[in-house]
Amino acid sequence: MELIIDITLLTFLGITALAINRIDKLFCVIMLSGIYSLLCASLFVTMDAVDVAFTEAAVGTGIATVLLLSTIGATDTQQRSAPRRPLFALLVVCATGAILIYGTMDMPAFGDPDAPIHQHVAPRYLQESQQEIGSDNIVTSILSSYRGFDTLGETVVIFTAGLSVVGLIGFRGMQKFGDRQRAAGITQDDMGKHLVLRIVIKMFIPLILLFALYVQFHGDFGPGGGFQAGVIFASGFIFYTLMFGLDAAMRVVSPRTLSYIAALGVLIYGGVGVATLLMGGNFLDYNVLRSNPLQGQHLGIFLIELGVGTTVFSIMVLIFFAFSSRKGLRQ
Amino acid sequence: MDTFLAWASILCIGTGVFLAVTGAVGIFRMPNFFTRLHAASVTDSGCACLLLFGLMLQSGFNLPTIKLCFILIFFLISSPTAAHALSKTALSCGAQPTPSPREER
């Protein structure tokens, strides 16, 4: 049964990839890339990797699609055709692909219990994380405790990415954005006509934010955590922006505040690490935070997930604001 | 009672699957935007809700059922709204609800 599902999903994945290559209309390409992510998420579910599937669905299907759509507002909707047939590039891609496939020949079979990756640290994670970390969700204990340093790196990467986007695109002319919009005759009344949409979105926004908080604080027990929660929380804000306009959303939280919040998230994460150092442990060794190591782990994971969530949320909204303000400038 | 629930759930899931297939056929075969949207929104609301309800009957009264119930309520509100927004935008962009002679087969 699972084999049939896998084959169907992989076939759809292949068809979607081909369609993305063939279609020139960028709007369709974005929609197809969202479908691609959703198919990937379904594949992850069939492999029992619900945390990864959750992240893929939230990031790939949700926020990436919205960000790409807001980018389209600042560019063209049609793909420019390539000036000539890039035969050399095709050759390079084929050669690299062949080498990569050749490289996989040496790798152990999929799901092989004797594979090196299942012999190294995985047994300890699976068997002893309950006693050492006390978190029901092993993925959370690996992500935030055993591999806390890696996750700190990821958070910093997201922070840096957000800073670079804002640095490159920026909010130049942002103060006059509202005036310009009014001068161009673009008002939010275009969206205001959608009365039903307005009411339903108003109804959903609190639920989305509540669900994000649930995902954030329930990460110890089920799939979820700071990354997914941050993205879902940001999608609530993006919903609001789409419906009520950029100016209204920026009155709720300004880009400057958002950049402070993003830095605060990284600061919380790094601060926990420094605190553990000062209390006599290793960097990000949460055992020393409380007298009881398990309680210390619980507190540490809670704090760093909070840091990850705040950073991801504010960077996502910041990037969306940057792209959306760009759209106004072009008009 | 169990047999009744099992049959009811099979009936729900079966109808849902039927609606999914007819919806998919409709998206390809219908002549213009609004009729296609109708096919899509039947899949969205009718099929998804029936499938979820069938799954709820399968699962019995426990936590997954409550979660499925939340998803069901979400679907019942969100998919008609999406269809409404789409059709309203299409209408304001000048799409005609009745098929023009050119579009009729």
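## Salt bridges

At 44% relative accessibility, Arg124(A) counts as partly exposed, because that class lies between buried (under 20%) and exposed (over 50%), with a 1.4 Å probe and protein chains only. Arg124(A) pairs with Glu132(A) in a salt bridge, the closest N and O atoms being 3.2 Å apart; a salt bridge is a side-chain nitrogen of Lys or Arg within 4 Å of a carboxyl oxygen of Asp or Glu. Glu132(A) is partly exposed at 26%.

Arg147(A) and Asp150(A) form a salt bridge at 3.7 Å, N to O. Arg147(A) is partly exposed at 37%, and Asp150(A) is partly exposed at 40%. Over all chains the count is 2 salt bridges.

## Basis of the model

This is a predicted model, in which local features need pLDDT of at least 70 and side-chain atom pairs count only at pLDDT 80 or more, while totals for chains, interfaces and linings use all residues. Residues are numbered from 1 along each chain as its sequence is written, chains are lettered from A and ligands numbered from 1 in the order in which they are written, and side-chain values use heavy atoms, leaving out hydrogens and water.

## Helix contact between chains

Helix α11 of chain A (residues 195–217) packs against helix α3 of chain B (residues 63–92) at an angle of about 145°, with axes 11 Å apart. Helices are DSSP runs (H or I, at least four residues), numbered from the N terminus. Axes are lines fitted to C-alpha atoms over the stretch in contact, and angles run from 0 to 180 degrees between N-to-C directions. Contact residues (heavy atoms within 4.5 Å) include Phe204(A) and Tyr214(A) of α11(A) and Phe74(B) and His84(B) of α3(B).

Terms used
Helices (H or I, at least four residues) and strands (E, at least two) are DSSP runs, numbered from the N terminus.
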